[in-house]
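Please examine the sequence and the structure shown below. The briefing that follows is arranged by topic.

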Amino acid sequence: MKDLEKGKEALPLLACDSDSLFFPANAENIKKNILHHVMSFQGRDPQRAGENDIYRAVAYTLRDIMVEKWIKTQKASYAKGKKRVYYLSLEFLIGRSLGNSMINLGIYDEVKQAVEALGFDMDLLREEEEDAALGNGGLGRLAACFMDSIATLKIPAYGYGILYEYGLFNQQLIDGYQVESPDNWMRYGSPWVFQRNMPVFPVHFYGRVSTYLDADGNYRSRWLETEEVMALPCDILVPGYHNDHVINMRLWAARASRDLDLSYFGRGDYIGAVQHKVSSETISKVLYPPDHNLAGQELRLKQQYFFVAATFQDIMRRYQKKYSDFTKFSDIIAVQLNDTHPSIAIPELMRLLLDIEGLSWERAWDVSTKTFAYTNHTLMPEALEKWDVGLMAKVLPRHMEIIYEINQRFLEQVALAYPGDIGRLRAMSIIEEGEIKKVCMAHLAIVGSHSVNGVAELHTHLLKEKTFKSFHQFFPGKFNSKTNGITPRRWLLKANPRLAELISAKIGPGWITDLDQLRGLEPFADDREFQGEWQAIKRANKERLATLIEKECGVEVNLDSMFDIQVKRIHEYKRQLLNCLHMIALYHKILRRPDLDLAPRTFIFAGKAAPSYWKAKLIIKLINSIGEVVNHDPRVGHRLRVAFLPNYNVSQAEVIMPAADLSEQISTAGTEASGTGNMKFSLNGALTIGTLDGANIEILEEVGSENIFIFGMTAEEAGFEKLNISRTPMAIYRDNEEVAQIIDSLRDGSFSRGDKDLFRPLVDSLLDQHDPYLLLLDLESYLACQDRVNTVFLDQIAWSRMSVLNVARMGKFSTDRTIKQYAKEIWGVPVNDDV
């Protein structure tokens, strides 16, 4: 803090220049503004300021710069009357904002100099920032990458979601078991969040519906006697890369329509007096409340409608500033539904157009369907949302009426196209008949949108040919593919700065906004000097990860070992259990054949299991139990280590991805929609071992079969096996001695301190002939493929060549390419290609 006192003299906000409300962003001016914010925003004596004080002051300083650019962006968009995109997502997993903002604003060095002049370390300051717990996994991280690309491509757009006070949960590992605790990431507030006092919108729930005849003799509806919650807008700014273009995510926080009910208070019922406030504000309290009971299901439905209803009031407010009717609505507004969570927006827009604006059904439906587009993210039946009709009718009675009307009109069209085909009507109905009637939200999204896209070529093919085959036949041309991507600014430039610097030194910095330029690395793949630099950077990244592992897990790892990494949500279809079986096989080999030429390996896992998903939590316990045995067996030495990093998040991923040698992408073929972790690993030079699933197929097509390790069944073969069972898991167990030894060691207590019952459920599922994830049927192929991985890793020249070529051929997997496709093919908005 050597310059804190000297900097005190220039605390007032700096004078304007012709281009900026605040300052030219050089190091000296940034330092002065940091000191200003220490005092004016935080009320701290600069001489006593600590790292958290300075971090917040830096964040406020960057926010000053961004808000000015955001205002200019908004004014330019309004002046030109541009079509705007509204991206609705229940998750935005943005991680930390400080480093990304400095990089995209082009002032990283200046901020770093200012911070160092004040006597602080930039890396330590960045550790002061909490990861924004606004998402859970790939869905939310994709949305965050999209925001970065939308800003970089200068597309006029907004992200809309919920400002959760609590994230999913903090994960601790106690005796190898996952233990959840609250993730109160907002307990001290966030300097990146603008809480706005206007516009604040009422959102309604419950009540009843009354019908009447309007002046023209048309039936109309009123939604009466509702409960009201207020939606408070909170903005987080997202800067484009080096282009002065800043967009915002508008995240809604729930507030009570009244803080205190004085009638209760006057009677001495102090709890009753604040009950409405507490109940109302629960809506934005927690990301994904548990839904195994009716109260949790009701809260989730209210969350989804809450942010959708507030968003459409905001959209209407903006639109009606300029337009008095709705003839231009879909020409000016495009709404993208990120999965089924926001699909209640379809009946909500219909309600507004019918009940508030007085449009006819036909006109309202035409406007609505031209406005919405829907992205499907899953093939898993349990992830295709369905709501009990009774619950929907209770919470949103008017919307339930509208959904019934949409369904009736849609099924009349289907019946005309397929006379007498009752089975098709039942399969395509938005209302699923049964003991408990359900609303199929994916069906509603398909019927109510002009575009439905999958997120990888295989995923889209399976949507069209299996999951939604009848819809594809009825709506030819509606389904399309938009393969996911990642932003290279976050996942290479920020996460792996040394590699980014090496790449830019060889081919220039153009790849940062045009990832196809990475192809210029191909001539260096066989350059021994370049390979040496490449390997040195990988080792430095492994050192950084090794430090984190020792700190979090207490495990010391061998830097010369292969860092074999699987980090993602823990789920049976992602097959972390298959990885466990290979770990056990490798452990057995080392014990039985210590003379074998095996590359040392460090197996690294991270990821959370849903709190109620007991089998996934048991897999976490198994991983840690294998580690407990392997890491303490002196016969193994440094040849094998297992580590499970707790509380996986974006910031942890930024340490993990650059250090990986091998990326495990081993889901059952036909279950993963796309995956983006596979892309992040490859972009950072890891080689992939994977199945022909999701975007793995397209990575294979780009990098070449000689630069990736593919094993297992295709989606078609997996589908055949599930129906026909040509070879049972038990037959494999009997016929293959290596497999039998792996299963027996799970069953005899070798990895459970002698407890033969602990992992019995996993053994039973492995040997079940109806195992839907086909682990033993793919195990032999997986083990053979891992032998090939071992052979190549022992030849570091060959491995490095493959690593370079993986990076060089990742151009397709930039979200810049994905967003350009959305903009041109779905949204109908121009793209600024000159970035």
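The points below treat sheets, helices, single residues and cysteines in turn.

This is a predicted model, in which local features need pLDDT of at least 70, side-chain atom pairs count only at pLDDT 80 or more, and totals for chains, interfaces and linings use all residues. Residues are numbered from 1 along each chain as its sequence is written, and side-chain values use heavy atoms, with hydrogens and water left out.

**Sheets and strands**

- Strands of a sheet pair through backbone hydrogen bonds, either parallel or antiparallel. Two strands count as paired if DSSP finds at least two bridges between them. Helices (H or I, at least four residues) and strands (E, at least two) are DSSP runs, numbered from the N terminus.
- An open sheet of six strands has the order β20-β19-β18-β21-β22-β23, with parallel pairing. Its edge strands, β20 (640-645) and β23 (709-710), each pair on one side only.
- Within this sheet, β18 (residues 562-567) and β19 (residues 601-606) are joined in the parallel sense by six bridges. M562 has R601 of β19 as its bridge partner.
- Helix α23 (residues 576-592) packs on the sheet and touches β18, β19, β20 and β21 (662-665). The direction of α23 makes about 160° with that of β19. Such angles run from 0 to 180 degrees between N-to-C directions, and the axes are lines fitted to C-alpha atoms, for helices over the stretch in contact.
- Three strands form another open sheet in the order β13-β15-β14, and their pairing is antiparallel. Because β13 (386-388) and β14 (431-432) stand at the edges with a single partner strand each, one side of each has no neighbour in the sheet.
- β14 and β15 (residues 438-440) run antiparallel and are joined by two bridges. The bridge partner of I431 in β15 is V439.

**A buried strand**

- A residue is called buried under 20% relative accessible area, exposed over 50%, and partly exposed in between (1.4 Å probe, protein chains only).
- Six of the six residues of strand β2 (residues 157-162) are buried, so β2 is largely enclosed by the rest of the structure. Both of its faces are covered, with A157, G159 and G161 buried on one side and Y158, Y160 and I162 buried on the other.
- Strand β1 (residues 84-88) runs parallel to β2, and four bridges join them. L88 has Y160 of β2 as its bridge partner.
- β2 also pairs in the parallel sense with strand β10 (residues 246-256), over five bridges. The partner of I162 in β10 is W252.

**Two packed helices**

- Two packed helices are described by the angle between their axes and the distance between the axes.
- Helix α24 (residues 614-630) packs with helix α31 (residues 760-767) at an angle of about 110°, and their axes are 10 Å apart. The two helices are therefore roughly perpendicular to each other. Angles of 65 to 115 degrees count as roughly perpendicular, under 35 as roughly parallel, over 145 as roughly antiparallel, and the rest as oblique.
- Contact (heavy atoms within 4.5 Å) is made by W614, K615, L618, I619 and L622 of α24 with P761, L762 and S765 of α31.
- K615 of α24 is buried at 17% relative accessibility. Apart from its neighbours within four places in sequence, K615 is in contact with E572, P761, L762 and S765.

**Single residues of note**

- Most residues other than glycine have a negative phi, and most peptide bonds are trans.
- The peptide bond from M198 to P199 is cis, with omega near -5°. P199 lies in the loop between β5 (193-195) and β6 (201-205).
- E225 is not a glycine, yet it has a positive phi of about 55°. E225 lies in the loop between β8 (219-224) and β9 (227-239) and is exposed, with a relative accessible area of 59%.
- L774 also has a positive phi, near 55°. L774 is in the loop between α31 and α32 (775-793), and at 6% relative accessibility it is buried.

**Cysteines**

- A disulfide is a covalent bond between the sulfur atoms of two cysteines.
- With a disulfide taken as a pair of cysteine sulfur atoms within 2.5 Å, the count is zero.
- The sulfur of C580 is 15 Å from the closest cysteine sulfur, in C553, which is too far for a bond. C580 is buried at 0% relative accessibility.
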